[in-house]
Amino acid sequence: MRHHRADRGDRLPGPRHDHHRARGDHRRRARAELAKEGQWLPVDVPAPDRATLGGAVAVNASGPRRFGYGTLRDYVIGISFVTDDGVEVKAGGRVVKNVAGYDLMKLQIGALGTLGVVSQLTLKVKPKPEAAAAVAFGCAPAALARVLDGIAASKTRPVAVELLNRAAVRVSGGTLAGSDAEWVVYVGFEDKTAAVRWQVTTLLDELKSAPVRDVAESSDTAAIAGITALQHRPESRFIGKLSTLPSELAEAVLKLPPALPLHAHAMSGVAWLHADEALPDGVVVRRSPVERKKALSLGGAPPAGWELMRHIKRTLDPDNVFNPGRLFGDV
């Protein structure tokens, strides 16, 4: 693995000022430099030309490729962050090491800026795949669990298995054209050319006996960018995130209103839901009108490790300086 270091990337998408465009240029240059060496960071980030690496780490951003490549937690091997008293703390390094006590590096990933301000990152990167292809097909609600179980048991090793209901396909801007089924499954492959060809052929053969329709093959995985962008769809007043066991995803999504756009990382058990008026109970609110936030439990139900999270927050940020109340209530 190679490493890439990024400095001062600690902002999320925000007001569109010149400095955001400059940071976008910086990220494009970084991607171009990695590409020269045949390398990349295979983590999908919504609005990549506005987000920063530090901001992506703060929210632990990920997308469809998380199934095959993992999330940012798998790529951050070094971090520096500024504490509430202005001291810069370093954790991790250029190689993966065992730690004693708090793993300060992993704690910052997904902490939403509540434990400090990320100032520097050291990341692993991967070789870019030689080829890519995808297979998409439609599925009826009654067959959804069976179809997803079949993909989980497939001989193939996709990098992404995405599930979208008809409403999500409609608002995706034609990303997954070709099926008007109630549910559409998108399976993406990225690997060496021969491996991709074998996997596509194998999956198509497996699908011959599956209860699916409108099977379509694509020579690339370009649709992944459009699916990832749905996480920040501008037209959605409410966006929520629901997490469940992958084996229980079909049951969970079938209980939700079919009129609400829904897209899910099917093999990871993560679903994104959009609404105009309100989100169902139990989801983590990722977007809401400002006037509605005070009445919502933005983080959903407190997790089992809630008291431990409060203890860590009070230990690392005793004066509650960083993003107070951003997680659950007083944290």
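In what order do the strands of the open sheet stand? Colour by secondary structure and follow E9-E6-E8-E7-E11-E12-E10-E13: these 8 strands form the sheet, and their pairing is antiparallel. Two strands pair here if DSSP finds at least two bridges between them. Helices (H or I, at least four residues) and strands (E, at least two) are DSSP runs, numbered from the N terminus.

Before going on, note that this is a predicted model, in which local features need pLDDT of at least 70, side-chain atom pairs count only at pLDDT 80 or more, and totals for chains, interfaces and linings use all residues. Residues are numbered from 1 along each chain as its sequence is written, and side-chain values use heavy atoms, with hydrogens and water left out.

Stop 1: Select E9 and E13 (284-287), the edge strands, each of which pairs on one side only. From one strand to the next, the twist averages 20 degrees. Now pick E7 and E8, an antiparallel pair joined by 6 bridges. Show Glu-162 and you will find Tyr-186 of E8 opposite.

**Stop 2: helix H5.** Next, select residues 144-152. H5 lies across E6, E7, E8 and E9, running at about 160 degrees to E6 (axes are lines fitted to C-alpha atoms, for helices over the stretch in contact, and angles run from 0 to 180 degrees between N-to-C directions). Leu-144, Val-147, Leu-148 and Ile-151 are buried (under 20% relative accessible area; exposed is over 50% and partly exposed in between, with a 1.4 Å probe and protein chains only). Why do they sit on the same side of H5? They do so because they cover an arc of only 95 degrees around the axis, taken from the directions from the helix axis to the C-beta atoms. Turn to the opposite face for exposed Arg-146 and Ala-152. Among the elements covering the buried residues are E6 (131-139) and helix H9 (249-254).

**Stop 3: the core.** Select Phe-137, Leu-144, Leu-163, Val-187 and Val-253, the residues with the most contacts inside the largest nonpolar core, which has 39 residues. Such a core is a set of buried Ala, Val, Leu, Ile, Met, Phe, Trp, Tyr and Cys residues joined through side-chain atoms within 4.5 Å. E6 gives the most to this core, with 5 residues. Another core, of 29 residues, lies apart from it and includes Ala-61 and Leu-230.

**Stop 4: a loop.** Finish at Thr-52, between strand E2 (39-40) and helix H2 (53-59). Thr-52 counts as buried because its relative accessibility is 6%. A polar atom of the Thr-52 side chain lies 3.0 Å from the backbone nitrogen of Gly-55.

Key:
Contact = heavy atoms within 4.5 Å. Polar contact = N/O pair within 3.5 Å; in protein donor to acceptor, adjacent residues only side chain to side chain.
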